[in-house]
Amino acid sequence: MKVTQHIAEAKETIVSFEILPPTKGKSIESIYAHLDMLMEFGPAFINVTYHRAEQLLKTRKDGSLEWVEIRKRPGTVGICAAIMNKYKVEAIPHLICGGFSKAETENALIDLDFLGIKNVLALRGDAAANEKFFTPNVHGHRYAEDLVKQIVALNQGHYMEEDIIDGAKTDFCIGVAGYPEKHCEAPNMDSDIYYLKRKLDFGADYVTTQLFYNNAHYYNYVKRCREHGINVPIMPGLKPISNKKQLTMIPRVFNVEVPSDLCNEMLKAKNEADCELIGTEWLLEQCRDLLKNKVPVLHFYTLGKPNIVYNVLKKLF
Ligand code: FAD
């Protein structure tokens, strides 16, 4: 079922999760162990992130250096198929522009369609580890809106080869990313919301937000989006915070603030267990407030921390 249909038919706020493929060399059992405990809460869908290849400088045995291309977390499509098969729940693969030509994207979409996947999250992706700025593949897309356009074209049966007439139409429901505290490259919020609206005008169906720790950012964002004529569901993204290192890592990586109260509490914590308790309590309060405000979905970035999300959901439902 499509995400938008799930939301339209739900009588209450629904729950969903985002997981990362395991690092190369680890088995899919680590994903099952993670999801087994969370399935109790009946998620409507599970997102699976996509991780592009990185160029790394490796030292050869003779001491010389060479660039090697490594994908640390392959398996997005396989995990989506496995999740659908094992748990009978919708899986949403993330698709990125970075590193992909349009032809490779088209082939990936055909694979997803054949697997019966009905939802995708269309993203640009970040700059590669060895780049300062995002650089598209020479035959690829520069912005997520271009990827949205390609998916919409395929939904209409338009393939890249012009001699394919009456091409089979795919039927993807398309999600895109939104940033309650602004995307790091956007000069201001109005500009970021302007480009978000373009993604929706080109045919995307809903928005999943970047994580945030202050619900006021989410409420203000939804309000501003509505003022700009964005009327699709905007799902809040929630990530547990569980250690002191994240206090500086999260703002740097995700361009979001960690509120002073949360930060001060964490700094006072004596050990990891205390940090986890503080992070759990904060997430619980965020969720209670979001539920009170009747958000369509609570979307959790579980990121290897299913216990915290489990404990929060156990107290909520
Ligand atoms: P875009 O919508 O293309 O926007 C990128 C920037 O360009 C913004 O500043 C925007 O304002 C601006 N912009 C957009 N269109 C235009 C235009 N036409 N002209 C000028 N400026 C424009 N990354 C991964 O690699 N894998 C993942 O699985 C993944 N999952 C994510 C899930 C969620 C919910 C979120 C919020 C992010 C995720 N990311 C993932 C990170 C994401 O790829 C980065 O944040 C990336 O830098 C931006 O992606 P986007 O789709 O928002 O890009």
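Strands here are DSSP runs of E with at least two residues, helices are runs of H or I with at least four, and both are numbered from the N terminus. By that rule, I14 belongs to strand β1, residues 14-19.

Before going on, the ground rules. This is a predicted model, where local features need pLDDT of at least 70 and side-chain atom pairs count only at pLDDT 80 or more, while totals for chains, interfaces and linings use all residues. Residues are numbered from 1 along each chain as its sequence is written, and side-chain values use heavy atoms, with hydrogens and water left out.

Back to I14. Is it buried or exposed? I14 is at 14% relative accessibility, so it counts as buried; the cut-offs are under 20% for buried, over 50% for exposed and partly exposed in between, with a 1.4 Å probe and protein chains only. From I14 to D146 is 132 residues in sequence and 30 Å in space, C-alpha to C-alpha.

Now K245, in the loop between β9 (234-238) and α8 (246-254). K245 counts as exposed because its relative accessibility is 69%. Its C-alpha atom is 10.0 Å from that of M266, 21 residues apart along the chain.

Next, the ligand. The shell around the ligand has 24 residues, the closest being Y50, D126, Y179, D192 and K199; a residue is in it if one of its heavy atoms lies within 4 Å of the ligand. By class, the shell has 11 nonpolar, seven polar and six charged residues. Nonpolar here covers Ala, Val, Leu, Ile, Met, Phe, Trp, Tyr, Cys and Pro; charged covers Asp, Glu, Lys and Arg; the others, Gly among them, are polar. Elements that each supply at least two shell residues are β5 (90-96), β6 (119-123), α5 (144-155), α6 (189-201) and β8 (206-211).

Which side chain has an N or O atom 2.7 Å from a ligand oxygen? That is Y179. For the side chain of H94, the distance from an N or O atom to a ligand oxygen is 2.8 Å. At R124 a polar backbone atom lies 2.9 Å from a ligand oxygen. The ligand alone exposes 970 Å², of which the protein buries 88%, by the Shrake-Rupley method with a 1.4 Å probe.

Last, the lining of the largest cavity. Its residues are Y179, P180, E181, K182, Q210, L211, F212, F254, N255 and V256, each with an atom within 4 Å of a point on a 1 Å grid where a 1.4 Å probe fits but cannot get out. The lining divides into six nonpolar, two polar and two charged residues.

Technical notes: A polar contact is a pair of N or O atoms within 3.5 Å; within protein, one must be able to donate a hydrogen and the other to accept it, and residues adjacent in sequence count only if both atoms are side-chain atoms. On a 1 Å grid over the protein atoms alone, a cavity is a set of points where a 1.4 Å probe fits but cannot get out, and a pocket is an open set with protein on both sides within 12 Å along at least five of seven lines; lining residues have an atom within 4 Å of a point.
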